[in-house]
Structures are given as C-alpha cells and as structure tokens.
Amino acid sequence: MAENLSKDVCRMWPCVLLWSVCVLVSLYALYRWLIPAAVYRHGRLALLWHDVCVEKALDWLTRSSRPERVLRSVQKGAVRGDAQSVLSTMDRFSHHTEWAMHIGDEKGAILDSVVSEVNPVLVLELGSYCGYSTVRIARLLPPGGRLITLELNPDYAAVARQVIEWAGLQDTVQLVEGGSGDWIPQLREHFGVVSFDFVFLDHWKDRYLPDLRLLEDCALLRRGTVVLADNVICPGTPEYLEYVRTSPAYHSSFYSAHLEYTQAADGLEKSVYQ
C-alpha cells in the first residue's frame, strides 16, 4: 500500500507543478498586461491600480520606494549632465517598467511650449516629486533664470535633488523642503522674490486654490504671470477651475491631454494673471 501511495504521489507532482506554473503565468499576465490594459483609459482606476496596488506591492517586494526605483533608472540609463537624457530615461521607465506620476511626455510637451512662450526668468513650482517637471522647466530657462520648487515630502525631495543634479541643473534650481502654505509667505524674505513670471502647480490638488489665493495675498503674482496647473481633470480640481475661469483676475484656457502614460482624459489649465 505504501508503495502504491508513493507512486500516486510521484504521478501527482507533474500535475501540481504544471498547475502552479499556470497560476503564476496567469497572475503575471494579469499584473503585467490585462489589468493595465483594462484601466488604460479610466483615470481613477489607473490611479488606484498603479498608485496604490502596484506601488505598495513593489515597495514591499523590493524594500524600496517608487522614487528610489526611478532614481536608480536615471543613474543607470541617463547621461550625466544631459537633461533630455534624464527625461527620456524617466519616460521609458514610466511607460515600460513602472508607472509614475510625473507630468509625462505628452503633457510635458505642452509644458515646454508654455514655458518657451513665457520665457520666464523666475519660476515657482509647487510639487517636485522626483524632479521630472523641475528638470523639464529648468532646462528651458534663459541664462540667469531661476526655479524655486517646493516639496513637502522629504523622501521625494531627496530623490528630486539627485535627479536635478544628474541633469546638471543644480545651479538653476533651488529645492525647498516644506509645505507650500508655510513657505509661500516667506518666499520674498528668504529668496528676495518680488514676483514670479511663471508658476507650475502639481502638488496636492486640494491645495491648488488655497495656494493660488495665498500667492495673490502675498503679491507674488504680477500682471502677466502665467499659472499652469496639471491634473485638473484627473484626479481633478473643480474648485480651482471654477475660480480661475470665473474670476476677472485671470484669463484662462484649457489644454486637453491624457493622464500621464495612459489614455485617460486629463489636461492642463493655463491662467494669465490680469
């Protein structure tokens, strides 16, 4: 009887192994292709999948954060001192390896066109994350141009500093750690700012409107200052949009686009301070 049981077990092992392989292949296909394809055109589902499920799972598996993985890809694949190489590397990583919440190549081209049109000397960015949009803006500034970027999360700030340095833009960019609500009233005193030529909003969406009003109250906007806001459709900033579109203090226009590295509807709002 023992001999027969042993033979039965031996015959079962190939089936168990095959079943296990099939399960693993199916799970990988779900993770790598099927679920990403299903959420590709649905913004909130894409954010839930990429920015919650996948990110937390990979953080646990790799014992690292997504910004740290982005930084490693830059250090491994980008040419040091070449800002465009840094951007292209981050785009490749986000398209093909792991989604990340940079503004991305499609909306980045819109950002480029607005920055080139304004030709700002002094820029404020709210929300550095990994430094992608910081590099994107700073590489287009004229000689003597300066970008001040505020980042609340110290871990993001640490990565952004290294990305900015890898792009060779550390002399153009001043990265400040801390909350926008705390720092905006101190910008004139600490950095000698009179007013900004261009402001880019890409931080917590519920801070867009309070921080814009704070910039107004602190007289940091001048006539003609351009404020460009990302992700106004996904995840969305309805109160901000209502304000800049109805206030006589702004002339606003909308640039339709897609959520970074997806085909979900999104866009940027350009508002010129009157």
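**Close-up views of a predicted model**

**View 1. Ser128 sits in the loop that links strand 1 (122–126) to helix 6 (132–138).**

**View 2. The side chains of Ser128 and Thr149 meet in a polar contact.** The two are joined at 2.6 Å. Looking beyond the neighbours within four places in sequence, you will find Ser128 in contact with Thr134, Thr149, Leu150, Glu151, Ala160 and Leu175.

**View 3. Helix 10 (residues 208–217) and helix 12 (residues 238–246) cross at roughly 40°.** Their axes come within 8 Å. On the helix 10 side, the contact is made by Tyr208, Leu209, Leu212, Arg213 and Glu216. Helix 12 brings Glu239, Tyr240, Tyr243 and Val244 to the contact. Sorted by kind, the residues of this contact are 6 nonpolar and 3 charged, with no polar ones.

**View 4. Stepping back, the whole protein has 12 helices and 7 strands.** Of its 274 residues, 50% are buried. Take the contacts between residues at least 6 apart in sequence: 70% of them join residues at least 24 apart. The accessible surface of the protein comes to about 13700 Å², and carbon and sulfur atoms account for 59% of that surface.

How values were computed. Residues numbered from 1 in each chain as written. Predicted model: local features only at pLDDT ≥ 70, side-chain atom pairs only at ≥ 80, totals over all residues. Heavy atoms only, no water. Helix = DSSP H or I, 4+ residues; strand = E, 2+ residues; numbered from the N terminus. Polar contact = N/O pair within 3.5 Å; in protein donor to acceptor, adjacent residues only side chain to side chain. Contact = heavy atoms within 4.5 Å. Buried < 20%, exposed > 50% of the residue type's maximum accessible area, 1.4 Å probe, protein only. Areas by Shrake-Rupley, 256 points an atom, 1.4 Å probe, with all protein chains shown as cover. Axes fitted to C-alpha atoms, helices over the stretch in contact; angles between N-to-C directions. Nonpolar A, V, L, I, M, F, W, Y, C, P; charged D, E, K, R; others polar.
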